[in-house]
Amino acid sequence: MRLAAWALFLFASTVNAQDGLSRCADIQDRDARLACYDAQAKAEPPEEERFPYLNRSWKLGPNDAGARRLADILTYRPNYILGHYTSRPNLEPRSPSTGRAPLTDVNHGEIKIQGSFKTELISRSAFEDVGVARAAGILGFDSARLWFAYTQAMAWQAFNHGESRPIRETDYEPELILTLGRSNPGNGFKLLNLGFSHQSNGLDALEHRGWSRLYAQGGWDWNRFSVLARVWQVVHESDDDNPNIRRFEGSGDVVARYETTRGYVTSALARHNVSSGRGFLQLDWATPVARAFGGLKFHAQVSTGYGETLLDYNHRQWTAGLGISFGD
């Protein structure tokens, strides 16, 4: 009896999950049936291991082919509220085009808030209907989606009583992203994002900053480690208020992310301009979802370099923040 059970165990481990479960249900012998189910459980890893982070966050899996509604909102970049400290407040924001804009009083401490989402404009199935997916297949991809993404970040001088707690800056960044993806589970190259981004802070003439970019971004997964690497080209004359922004922000960035088996997430954002030697590094760390606190997570962040905000694109400082975040 045990020999038969082990034979079925080895056989079941070679078949796919759906066929295997049906086969197990048809086995009359109780011990052999249990052994077959055990084999299926061991052969079928959890979804987060079969389809790592990029598959899940960009809906690249085989079960994500259906159309999504515009109201189906997904998180894009981290969403958080942090108590934020800077080593060197930017008291005189400056630019070659606008000159200096002295600020009367800026505290070292403020509240940093970021909200970010994306939603699907043209679905994977719609692209398949018009043949775009077939064209993507020639390049080695098996899906295509068009996303609209929006990120808004705010620096609020909440502790600045003397200046009536002003909002120092708000950065707005809408994006259009065409995602060419591979639905295969496991490790390796997963996606190519082709995007257009416009970022501005909407301030008056002396403090206004903005630019538009076209970019290409590749994504790779290795088990619980993910990398997104992006290069961009600044749209001509879109950076008139800050024409030297590329000296500080560079021509691309890299985001690396690692998630432990217990759900702790560590990520790093890095930019660097080789010719000028200037750059930026930001590290984020978040706990697993705390269900007792309504799904929120504890979040810590540190950064150093140029470009903490758009207004600070050419201002060097180090910062530290602690607070809560939500979403993936």
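**Overview**

The protein has eight helices and 15 strands. The model is predicted, and its pLDDT averages 84 over the protein.

**Confidence**

- A pLDDT of at least 70 is reached by 82% of the residues.
- Residues 1-18 have a pLDDT below 50.
- Beyond near neighbours in sequence, the stretch of residues 1-18 has 22 contacts in the model.

**Burial, surface and contacts**

- The protein has 328 residues, and 44% of them count as buried.
- Among contacts in the protein with a separation of 6 or more, 60% are between residues 24 or more positions apart.

- Strand β15 covers residues 316-326 and includes Ile 324.
- Ile 324 counts as partly exposed because its relative accessibility is 32%, which lies between the 20% cut-off for buried and the 50% cut-off for exposed.
- Leaving aside residues up to four places away in sequence, Ile 324 touches Asn 79, Tyr 80, Ile 81 and Leu 82, and also Leu 296, Lys 297 and His 299.
- Ala 300 is 24 residues from Ile 324 in sequence, and the C-alpha atoms of the two are 8.1 Å apart in space.

How values were computed
Residues numbered from 1 in each chain as written. Predicted model: local features only at pLDDT ≥ 70, side-chain atom pairs only at ≥ 80, totals over all residues. Heavy atoms only, no water. pLDDT = per-residue confidence, 0-100. Contact = heavy atoms within 4.5 Å. Helix = DSSP H or I, 4+ residues; strand = E, 2+ residues; numbered from the N terminus. Buried < 20%, exposed > 50% of the residue type's maximum accessible area, 1.4 Å probe, protein only.
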